[in-house]
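Thanks for coming, everyone. I'll keep this short.

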Amino acid sequence: MSRSILTTAAAGPMTVVVAMAALAVGGCRGAEVQPHRSPDPVTSPDPVTSPTVAPAGGPVPFRIQLGAGQRLLPRESGPGGCPGFDTVVDLGSGRTIRLVAYATTCPAGDGQRINGRHGVYRTAADIPADLRAGAVTVPTPLGDATAFTQSYSEYTNSANHYTEPVAVIALAHPADPAYQTLTVLSEKGTLPLDQLTAVLREQLLSP
């Protein structure tokens with residue numbers, strides 16, 4: 001079952017630069033990647049509220065324009081630094097996007113997108129062929145993104161199925177050569193692909 005909430009964010013945010021603590025990056029070890037499940041609620045570091053232009057530190061530096069009522073929610077990096085960057089943007093009205101970056105030294109994922117695993121995209125080459133077939137290319141201030149939708153399921157006391165929009169941005173100017181991409185997705189499809197790509201074009205900014 002796919003969820004899509006079509007409410008758009010308020011326009012015209014003011015531009016104020018707010019510093020955000022850089023996220024730690026560690027080396028990746030181990031033979032099998034364990035996709036990061038971040039704590040909820042996020043406790044560290046402090047969220048950045050809007051309206052503002054918030055710089056994201058860590059291995060993939062960029063800035064993001066936050067409109068009225070939107071928040072940047074930094075998360076800790078994953079075990080062994082995989083992912084080395086992880087943050088969520090609360091767009092309001094139940095809509096969120098997650099931004100993650102995996103180093104090329106991180107192990108590949110197992111291909112399953114279930115129960116907290118949303119895929120490991122170290123480079124665009126990690127996108128499965130069946131998903132790449134229907135993908136579109138979206139220019140962003142950080143580099144061209146390969147945007148597509150993927151199926152995601154959760155199995156607890158019942159089975160729930162979602163369609164998630166995903167964009168894998170090939171960084172035009174990587175600050176750290178180990179990080180070649182930034183993945184942006186809406187977990188459980190809280191907004192559709194066209195709204196996700198609009199955020200990439202309109203709210204992501206170069207460092």
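This is a predicted model: local features need pLDDT of at least 70, side-chain atom pairs count only at pLDDT 80 or more; totals for chains, interfaces and linings use all residues.

Let's start with a sheet. Three strands form it, in the order β2-β3-β11. The sheet is open, and its pairing is antiparallel. Which strands stand at the edges? They are β2, residues 52–56, and β11, residues 204–205. Each has a single partner strand, so one side of each is left without a neighbour in the sheet.

Now look at how β2 meets β3. Strand β3 covers residues 62–66. Five bridges join the two strands, and they run antiparallel.

Strands of a sheet pair through backbone hydrogen bonds, either parallel or antiparallel.

Next, β5 and β6. Strand β5 spans residues 85–92, and β6 spans residues 95–101. Together they form a hairpin, with two residues between them. In the turn, S93 has a positive phi of about 55 degrees. Seven bridges join β5 to β6, again antiparallel. F85 stands opposite A101 in β6.

Strand β6 also pairs with another strand. That is β10, residues 181–185. Three bridges link β6 and β10, in the antiparallel sense. Here L99 stands opposite V184 in β10.

How covered is β6? Mostly: six of its seven residues are buried.

Back to β5 for a moment, and to D86, which is found in that strand. Is D86 buried or exposed? Its relative accessibility is 0%, and the cut-off for buried is under 20%, so D86 counts as buried. What does its side chain contact? The side chain of D86 makes a polar contact with the side chain of R98, at 2.8 Å.

Last stop: helix α2, residues 193–202. Let's pick out L193, found in that helix. L193 is partly exposed, with a relative accessible area of 23%. Which residues does L193 touch? Leaving aside residues up to four places away in sequence, L193 touches A147, F148, T149, P165 and V166. One more distance for L193. A167 is 26 residues apart from L193 along the chain, and their C-alpha atoms are separated by 8.8 Å.

To recap two points. D86 is buried, at 0% relative accessibility, whereas L193 is partly exposed, at 23%. That's my tour.

Technical notes. Residues are numbered from 1 along each chain as its sequence is written. Side-chain values use heavy atoms; hydrogens and water are left out. Two strands pair if DSSP finds at least two bridges between them. Helices (H or I, at least four residues) and strands (E, at least two) are DSSP runs, numbered from the N terminus. Buried means under 20% relative accessible area, exposed over 50%, partly exposed in between (1.4 Å probe, protein chains only). A polar contact is a pair of N or O atoms within 3.5 Å; within protein, one must be able to donate a hydrogen and the other to accept it, and residues adjacent in sequence count only if both atoms are side-chain atoms. Contact means heavy atoms within 4.5 Å.
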